[in-house]
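Me: I would like to learn how to read pockets and cavities in a model. Please start with the general idea and then turn to the case at hand.

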Amino acid sequence: MAEKSFKYVIVGGGVSAGYAAREFAKQGLKPGELAVISKEAVAPYERPALSKAYLFPESPARLPGFHVCVGSGGERLLPEWYKEKGIELILKTEIVKADLAAKILISAAGETFKYQILVIATGSSVIRLTDFGVQGADAKNIFYLREIDDADKLIEAFKAKKNGKAVIVGGGYIGLELGAVLEMNNFDVSMVYPEPWCMPRLFTSGIAAFYEGYYKNKGIKIIKGTVAVGFTSDSNGEVKEVKLKDGRVLEADIVVVGVGGRPLTTLFKGQVEEEKGGIKTDAFFKTSVTGVYAVGDVATFPLKLYNELRRVEHVDHARKSAEQAVKAIKASEEGKTIEEYDYLPYFYSRSFNLSWQFYGDNVGDSVLFGDNNPESPNPKFGSYWIKDGKVVGAFLESGSPEENKAIAKVARVQPPVENLDLLTKEGLSFAAKI
């Protein structure tokens, strides 16, 4: 088959790929120098929309509305934009082999792509219940959400199973966001997760109690401390029941599974240094192989603020790491240097009328402040995390843009604090003083 050669290749077609392409164009590109190779059928888009506005029953988001880079207030890069910039957007093309020593990528269709510099932006894949051999997990109408195709299948099921029963397996990001969306679409929703509270990797029990209470008030049933161990299906092969480890059986017309993701690094195994489940990079996202960079979910990079190597799965880092890598590539070509990546971890979510933001690190002691009563007409509350006498993390529900900026500053500056009771009393006003 045909062989194509490029100076730069971005492998992957998600958020990182789109932001990297924009940065290349900004820094200066000759036509035909850059290719973006994606297994998806559409140009890079803002993935967070899939679990939110894309699934809304009224005025849902649709492409081309949420192509990158609208999620961060930037211009929208339509397929035409790539053409205008002389960037080759190679869609519906899955790379199945990478030879980093020979600088060659091979697609499922047998095409060969040569490059001088490679940006690995392959992102994550979802963890599937079939991976663990869960009985009946291959039944129809058991859904996962990662790509736009997945979301389209869900929308079809919403129509086919109108006003039916939905079971969500998992109490993390996808679980909470999809729980809200399914309720908005008039489904009778149950959520099942093994942990003692939702979003346990980030939320304290105090934070989680609010969201669980709020969801219960919306009619969502929450079943904690157990897992799905099997599914039964009808004569059409469609799921009809979810069997739980504690013996309960839940009726289901639709099941949505959100139990985490895995970074897509298999192509590069044994060819590049790995750490903490990802590809190890420096502060410029350079890997152990010359001319190869890794960004977004797959990169394990030095988090300067905490002086440790971390892998971060979030859209904000996907955007910023991509821009940093491209700046570093261009700087090294020109014999210049750029600042090291100095990332402040940031996570957010929106569901129903709620919207929270978190900055920093959720380690050490924590305090809860404000009104976290799920019955409140206008709940507004937050948390600080305190380690070694300093505030290292901050969370806020229903903050204004100014208040969210203030808690971000707290997490970045890490102000000292002596009295936790006083900090609880001060709440948001503590952040406003920093």
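Reply: A pocket is an open set of grid points with protein on both sides within 12 Å along at least five of seven lines, and its volume is the space filled by probe spheres set on the points. The model here is predicted. Its second largest pocket has a volume of about 380 Å³.

Me: Which residues lie nearest the centre of the second largest pocket?

Reply: They are Gly-71, Ser-72, Arg-319, Tyr-348 and Arg-350, out of a lining of 23 residues. Helix H6 (315–333), strand E24 (346–351) and strand E25 (354–360) contribute at least two lining residues each. Sorted by class, the lining holds 10 nonpolar, six polar and seven charged residues.

Me: What lines the largest cavity?

Reply: Its lining has 14 residues, with Leu-176, Tyr-215, Ser-349, Ser-351 and Trp-356 nearest the centre. At least two lining residues come from each of helix H4 (173–184), helix H5 (205–217), E24 and E25. By class there are eight nonpolar, three polar and three charged residues.

Me: Are Cys-69 and Cys-198 buried or exposed?

Reply: Buried means under 20% relative accessible area. Cys-69 is buried because its relative accessibility is 0%, and Cys-198 is buried because its value is also 0%. A search of the whole structure gives zero disulfides.

Note on methods. Residues numbered from 1 in each chain as written. Predicted model: local features only at pLDDT ≥ 70, side-chain atom pairs only at ≥ 80, totals over all residues. Heavy atoms only, no water. Disulfide = S-S within 2.5 Å. Buried < 20%, exposed > 50% of the residue type's maximum accessible area, 1.4 Å probe, protein only. 1 Å grid on protein atoms, 1.4 Å probe; cavity = no way out; pocket = protein on both sides within 12 Å on 5 of 7 lines; lining within 4 Å. Helix = DSSP H or I, 4+ residues; strand = E, 2+ residues; numbered from the N terminus. Nonpolar A, V, L, I, M, F, W, Y, C, P; charged D, E, K, R; others polar.
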